[in-house]
Amino acid sequence: MTHLGSIILIAVYAVLAIALLYRVCFLYKKIKSAYKTPHPTHSPIYDDGVGVFFSHTIAGVLHTVLVLAFITMTAHSISSLLGIENELWDIIASVWAVGAIIAAMIFIMRRCFIRPMRFSTLSPSQRLDAYTILLLEIVSGATLIASIYGLQGFDTAHYITLASFAVYITYSKHLHIITAWIYRYLNRGRGVYDMERVSGVCAMMDMMEGKAASIDASTTTMGASNANELSRLDVLGVFSCTQCGRCVELCPPYLVGEEFSPMEITTRIRYSIEKGVNFYPDALDDNFISMCISCGACRAACPVGINPMKLLWEVKRYAHLEKGYMPSSYHTASQSTQNSSYPLPTYLDKR
Ligand code: SF4
Ligand code: SF4
């Protein structure tokens, strides 16, 4: 390689390394800026969708192959850059690379020919993301094999592909291959209808009613409009969504044709964290936040254990308590309750 070529290559590595460092710092800062997650106050009401790993064994194994292959290829590339060469290590990395190529091609064919219903719930950009990551996995595997077996220039192509893969993943929904495991572990024991976050509202009401002289500012959350007002675990959960669509399949408003889904909740919150805009009303408007009926089915279906319903509660609490938003149906319920002590309009209201 010429002198100029080496300089360009080093510059490309440097840009990718800076981009990766920037993204890791950005994500760390977002999670760190949220407040400490309170301890769970309830045990789970029912189990979550983690059983999908065992009920869909083939897909579970193939996903695991993709993740482990990515980790192995990265470790192999780092050791090669450090000058650590070993024939057995090359064979192990090649086997994982072949596994990654096969697994990625099976997923592509499944999406093209079998078309799982969940895939139809994705937007065009989410589909593009799903295919891009599989193609990157194939290219990473192919360039690794070519470089191990001595094809000129493929080691450079492999390093660049892998580094681009690492940067891309921080923008992609596939960030979950790193975050979902951490989230699942930290989220263990949290209940579907855990009301821990209402403590701030209760403390505020106590103060307004004169039962308490002051309140602890750190517990007085009145919902969330940005990442700082969510707990760290909630922010990590947003970045752990796999966009698998399992929650969508069970969501009653989605099933009756509303433009609403639990996956959309996590997607929109992630979008607003990335763009630095308010959750409400910029990313989740009045109509959207009024759709959820708090049935909890999304949490039950989620293999990662994310609870989109609770995330939406935070946004709704902010909209109702901080911004005074009230759907017209609530006015009707309030009026009826005043008239007849019953929230649904009855004949008493018409007298
Ligand atoms: S809790 Fe809300 S978002 Fe979740 S499935 Fe039920 S209606 Fe849909
Ligand atoms: S919230 Fe859970 S079930 Fe819904 S799309 Fe994300 S990972 Fe899948």
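**Reading the terms in this predicted model**

Reader: Why is Gln243 called buried?

Author: Gln243 has a relative accessible area of 12%, and buried means under 20%, exposed over 50% and partly exposed in between, with a 1.4 Å probe and the protein chains only; Gln243 is therefore buried. This is a predicted model, in which local features need pLDDT of at least 70, side-chain atom pairs count only at pLDDT 80 or more, and totals for chains, interfaces and linings use all residues. Residues are numbered from 1 along each chain as its sequence is written, chains are lettered from A and ligands numbered from 1 in the order in which they are written, and side-chain values use heavy atoms, with hydrogens and water left out.

Reader: What makes the backbone of Gln243 worth a look, and where is Gln243 found?

Author: The phi of Gln243 is near 50°, which is a positive value in a residue other than glycine, and Gln243 is found in the loop between α9 (232-238) and α10 (246-250). Helices here are DSSP runs of H or I with at least four residues, strands are runs of E with at least two, and both are numbered from the N terminus. A positive phi, near 55°, is also found at Ser294, in the loop between α14 (286-289) and α15 (297-301).

Reader: Which residues surround each ligand, and what makes a residue count as near?

Author: A residue is near a molecule if one of its heavy atoms lies within 4 Å of it. Gln243 belongs to the residues around ligand 2, which also include Cys241, Cys244, Cys247 and Cys302, whereas Ser294 is among those around ligand 1, together with Cys251, Cys292, Cys295 and Cys298.

Reader: How many residues of each class do these shells have?

Author: The shell around ligand 2 has seven nonpolar, three polar and no charged residues, and that around ligand 1 has 10 nonpolar, two polar and no charged. Here Ala, Val, Leu, Ile, Met, Phe, Trp, Tyr, Cys and Pro count as nonpolar, Asp, Glu, Lys and Arg as charged, and the others, Gly among them, as polar.

Reader: How do you know that the structure holds zero disulfides?

Author: A disulfide is a pair of cysteine sulfur atoms within 2.5 Å, and the structure holds zero of them.

Reader: Why is Phe165 called buried, and what does it touch?

Author: The relative accessible area of Phe165 is 1%, which is under the cut-off, so Phe165 is buried. Phe165 lies in helix α6 (residues 154-171). With contact meaning heavy atoms within 4.5 Å, and residues up to four places away in sequence not counted, Phe165 touches Phe70, Ile133, Leu136, Glu137 and Ser140.

Reader: What makes a group of residues a nonpolar core, and which residues have the most contacts inside the largest one?

Author: A nonpolar core is a set of buried Ala, Val, Leu, Ile, Met, Phe, Trp, Tyr and Cys residues joined through side-chain atoms within 4.5 Å. The largest one has 46 residues, and Ile269 and Leu284 have the most contacts inside it. Its largest share, seven residues, comes from α16.
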